[in-house]
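Please read it alongside the model.

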Amino acid sequence: MRRERLAVSRRALLPNRFAAIVFASGLGLLLCSLANALSRAGEAPTPLLYWAGILLIAVPIFYRLTSEDASPGERLLLVCLLGLALFGVKLVRDAPIFTFADEFLHGYNSNQVSIHHHLFQPNPILETSKYYPGLEGATSALRTLTGLSAYSAGAIVIGAARLVAMSAMFVLFWRVSGSDRAAGIGTAIFTGNFNFLFWSAQFSYQSMALPLLLLIMLAVVELENGPRRARDAWRTLAALVIAGVVITHHITSYWVAAFLVAMSILSARIKRVPKRPNPWRLAVFAVVLTIIWLVIVASDTVGYISPTITNAIDSSLHTATGEAPTRDLFQGATSTVKPTPGVARAISLLAVLLLAGGLPFGLRTVWRRYRNQPIALIFGVAAIGFFGALALRLTPAAWETGNRASEFLFIGLSFVLGCVGLERWRPQRARWLGRAAAAAALTVILVGGAIAGWPWDSQLARAVKVHSEEGPVISSPPLAMAEWANRYGSDDEKWGAETATSRMLLDPGDRRVFSDFTANLIEVIPDNEVVPFQLELLHEDHIHYVVVDRREVAGDGIRGFFFSEGDKPTTGWLPHVAVTKFEGVPGATRIYDSGSIVVFAIGPAAPGERLKQP
């Protein structure tokens, strides 16, 4: 394959072209920021303001990527701009503090590493996360060098990972297809995967590991197709990044091992002239290192993953045989959550139809042009597999498994659809029509993926802090309780709480807390009475404080961290007896009461006297 330089021509960067695109992206991000600010202030802005910002960011980039005269360097800059601008959409939604459920877990881990200067610090809610400290190690190192908070340092690390993902994917697709135009379009398609806008932009270990997977793929392709003198460098880079993935995220490490094994097998079976290097050594290294880490360091991971996989399989079988109902799409977690509007649902479904409609044409191109390249065949299989993962979203206990798998499979789908060539369609009377159609399809895929990947009512920010009329800043109920616990609590005390309050007790509360499922508190907190076996559960886990959050969103890992909307009814709250039941427990003391959240010191040995009533 002819190798071109990533040169950015002067013509490509004329002020009336590239600068205008950058300006549009900045203006779009400003609109998204304004919409979030209004939403945070309780002004209920029209969603059109937010989506107009998304379109201003994406549409000019999409249209330019479909052009023939853009240079490879310009396309690389455009996809990086697209990735970072969409990452900015998530940042302007933040408080700025962590507001995603997984972020609290990893923020706590980062704090513990920074405090103790040692990896593998325990996490009471997600114990498995301590065995994969790559993200927290990098973040704590940046914090040590700069003095930044966990949130600020985490945003920089994930932003850098996003930049790696976009640039590595573009170069990877370019090397495989030989077309920088197809590579740019394929990379743009990837932004339409359901998790790209929010879930994969959060401070979480997969957000860092998946870009490393793309870097490994690029290294393997360069190892095969690059100059002989550079092979050792690419092989060394791949080995280092493999090690980085293994210590960062368990699921991604399995995908890395599977990819390298598949590449080795296909490389051995496909006859090519001249003969290309087989990455079997890297495959062996990845498999052995993953197994060693799993067995020696992170053996608890098996117990963490196996129930999820087993439940997903059982649920899929029950749904397929009609023994269990399918999962309703676009439905909220609680009765007070507003449904997704019909127009938004239609756009999301149209995006899936566009993906499915382009698949046969992309597969045909891949088979005709690239079937002698092992990685192209892997991309084709992954593209088909994506729709199998999509079907899992209809299964109640398997939808999360399908959602997480879909992001990895979407890499292959992005390459395949980037090869469709719709942008090359040039009717006699409207030569611009093919480019316009391609840009419109990319826009629908991006917007539809964002709608499908995150609840409609949570696309915009909610308030965790507000300014009162008297002047002081007021925190949301779970945040206020976490700040109080951080101020008056002790490191040797254990807490028990439901999803929302437990996450905030971790960070910023910095308390040792068990969540509703990790300590069976789901059987204790919501009940109207305390029975002996429930007290035994609390004492077995040495829990000193129980947090009772009466709000309906207490178990909601998306909405439970914020102020509730003023017009929301309290009919779904826990009954008052669910709180007063602890007053009958010998030695229990009510030590905090904000109306919606109450904290009890449990048992005569509980050091409740250390805490003060707010």
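E483 is partly exposed, at a relative accessible area of 25%. Buried means under 20% relative accessible area, exposed over 50%, and partly exposed in between (1.4 Å probe, protein chains only). K465 is also partly exposed, at 43%. E483 and K465 form a salt bridge, with their closest N and O atoms 3.7 Å apart. The pair links distant parts of the chain: E483 lies in helix α17 (residues 477–488) and K465 in strand β1 (residues 465–467), 18 residues apart. Helices (H or I, at least four residues) and strands (E, at least two) are DSSP runs, numbered from the N terminus.

This is a predicted model, in which local features need pLDDT of at least 70 and side-chain atom pairs count only at pLDDT 80 or more, while totals for chains, interfaces and linings use all residues. Residues are numbered from 1 along each chain as its sequence is written, and side-chain values use heavy atoms, with hydrogens and water left out.

**Salt bridges**

A salt bridge puts a side-chain nitrogen of Lys or Arg within 4 Å of a carboxyl oxygen of Asp or Glu. The whole structure holds 18 of them. Some are listed here.

| Pair | N to O distance |
|---|---|
| K90 and D94 | 3.0 Å |
| D457 and R462 | 2.6 Å |
| D457 and R559 | 2.7 Å |

K90 counts as buried because its relative accessibility is 3%. D94 is buried too, with a relative accessible area of 3%. R462 counts as buried at 16%.

**Domain interface**

The domain assignment, automatic or from a database, gives domain 1 (16–458) and domain 2 (465–601). Their centres, taken over C-alpha atoms, are 35 Å apart.

D457 and R559 meet in a salt bridge through their side chains. R559 sits in the loop between β5 (545–549) and α20 (577–580). R559 counts as buried, at 6% relative accessibility.

**A hairpin**

Strands β6 (residues 589–593) and β7 (residues 597–601) pair in the antiparallel sense over 4 bridges. Pairing requires at least two DSSP bridges between strands. D593 has V598 of β7 as its bridge partner. The hairpin leaves 3 residues between β6 and β7, and G595 in the turn has a positive phi of about 100°.
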